[in-house]
Every structure is written in C-alpha cells, then in structure tokens.
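Subject: Structure handover

Hi,

Here is the structure you asked about. Please open it first, then read my notes below.

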Amino acid sequence: MSPSISGLRASRRRFRTTGPACAAALLLAGLLAGCSSGSSSGPDKAAGSPSARTGTGTGAASPGAAAPDPETYRRWGLDKPLAAPPKPPSAKLTDGMRPGDAPKVVKRVPTQDKVVFVTFDDGAEKDPAFVRMAKDLKLPFSMFLTDDIARAGSGYDYFERLRGEAGADGKRNGVHNHTLSHPNLRTLSPEAQRREVCGQQEALEKRFGSRPPLFRPPYGNYNDATLTAAGGCGVKAVVLWEATMQINDMRYADGGKLRAGDIVLAHFRGPQELKGTSMTQHVTNMLRSIQRQGFTVARLEDYV
Ligand SMILES: [Zn+2]
C-alpha cells in the first residue's frame, strides 16, 4: 500500500469517527480552502461550459411585480431594490434528458441575460434573520445541503422555511444535493460515492417530496464514477461555480469580475466562521457587489 493510499484510508477512518466534531471541522476546512476553493476543479474532459446553449429571455422584467417598498430593501442594507430578473429562457439546459443519462456539468450558465445565480452550501448556520431577509427581498437562490450538516440544530425545517412561498410562477427556492457527509468524492470507491450521492437524494426526497435535479460535489471534486452515480439516481446537472463569496467580497475564477450567467458560491455561515459578520450582512455584501456590477439575481432552476 503506498503511503498516499494508507493516508487516504486513515483520513477516511477519521472522517467516519469524528461524529459531531465533523461539521465544525468541515466548516473550517471549507472556509479556508475546501467548498470555496476559488475555482472548482473537476476532470478536464467533463468540466467546462455545457455544450447546449440556453435560449435567453427577452430582457424584459417579469410582468406583474409590485414596486418594492424602499423600507424593505434599505432594512437589509441595499440602496436600491434588486431588479426583477428577466423572463426565464424557453428551454433549460437539462430539457430532453432521459432517466439515467449522465448529468450535465455546469460551471456557468450560457446566457446573455444580466443575471447571476446565488447558491448556498452545506447548511450549518441557521440564522432566523436570513429567513426574514430572503422573504422581504423575494430572493431567488438554490441550496445545496449536506445531510450531516443540515440535520444539526433546527434541521431541515429551517431550509423548508427558506424555500419561501411560491411566487406567481408557482416556484419556490430549490433544495439540492451536497452528499450525506461531505467527503472528497474523488477519494471514494464508486459504490461509496453512490451511497453518498444517492443516499442524500433519498433523504431529500423523503423530506421535501421530490428528488432534487441538481447536485454539487463537495470541494468541486468529482470523477466519472460520480457522474455515473449521480445520473443513476436522478441528478440532471452537476453544478459547480465561477465566483465565490468571501466574507466581504467576491473572488472570481476568471477576469476579476462577474459575468452574465455566473454561478456564485456562498455558504450558510455565521459570525464564528465569518469573523463576526452575520449571515445576513454576508448576503448584503454579496448582493451589493452583484448590483454594483450591473447584475441581478435569477433562479438557477429556470435556466438549468
Ligand atoms: Zn460544501
């Protein structure tokens, strides 16, 4: 056995036996390097923009949106309301996929719309103020939850509240798969990967009523076995990212600024992980940066 393999096995054993300390360790690891390691890193042949091109919206704002009350967005630290997203494209990236097809790998959504997509990972911090903020701002976002981490404390009920009320289009914020225990999937056997990915598909189906179509591998690490496992249990797209929200500002994989269709990675984090910044301040910082760069926030599930 090579030293690297024995080290790997030892670290897996540690992972299994760490128990409650695990989420905290993961958080620290994620904050320092992992979940938000700047740019996502998958195998070359699978990574990159999907080949299919999404039709773009008309550029017109969704009709029927009431004018936002200045009290509301100012309460959450914004100088102006979030612009309504344009009409969603007529076709999504995953349209036409059949059950069992290998999922598409999406680092960035191909669109000309002046939109970016906000995603929150893991599920550690469960700040009630963020539920109020999301509701007040009618904020669209997608959640990628790890069972071990999301289950702690008030558990999945918190994320149920964050899904919000159905809008005029009948849609709520999406809850998606981020494995059972947040391993580096590249270090696991195909069968162990299947348990991590499909186990969380089943847990989320039981809790929220349907299998999530989107999956995000922890640390952005995956291989062919991940795609096979995910496709086999109903995942349509593996969602990576190009921009990462740090405590106060954004880090970009390319070009030093946001581009149309960027997927922004953020986490459910609180003052302990954010050096005193609350989850809602963190989100305010992110939204102000998005607005400053001329973008608004749209619903990832409308495009992918
Ligand atoms: Zn993560």
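Helices (H or I, at least four residues) and strands (E, at least two) are DSSP runs, numbered from the N terminus. Residues are numbered from 1 along each chain as its sequence is written. The model is predicted, so local features need pLDDT of at least 70, side-chain atom pairs count only at pLDDT 80 or more, and totals for chains, interfaces and linings use all residues.

**Confidence**

pLDDT is the predictor's confidence in each residue, from 0 to 100. Its mean over the protein is 83. A value of 70 or more is reached by 78% of the residues. Two residues are in contact if their C-beta atoms, placed from the backbone, lie within 7 Å.

**Overall picture**

The protein has 10 helices and 10 strands. Of its 304 residues, 42% are buried. Buried means that 20 or more other C-beta atoms lie within 10 Å of the residue's own; exposed means 12 or fewer, and partly exposed is in between, with C-beta atoms placed from the backbone. Take the contacts in the protein with a separation of 6 or more: 77% of them join residues 24 or more positions apart.

**Helix 9**

Helix 9 covers residues 279–292. Which residues of helix 9 are buried? They are Met 279, His 282, Val 283, Asn 285, Met 286, Leu 287 and Ile 290. These residues pack against several elements, including strand 2 (115–122), helix 4 (128–137) and strand 9 (263–267). Gly 294 follows helix 9, and its phi is positive, near 85 degrees.

**Two loop residues**

Positive phi also turns up in residues other than glycine. Lys 138 has phi near 50 degrees. Lys 138 sits in the loop between helix 4 and strand 3 (142–145). Is Lys 138 buried or partly exposed? Lys 138 is partly exposed, because 17 other C-beta atoms lie within 10 Å.

Thr 179 has phi near 75 degrees, again positive and not a glycine. Its loop runs between strand 4 (174–177) and helix 7 (190–208). Thr 179 counts as buried, because it has 27 C-beta neighbours inside 10 Å.

Best wishes

Definitions and conventions. The expected span of a helix is 1.5 Å times one less than its number of residues.
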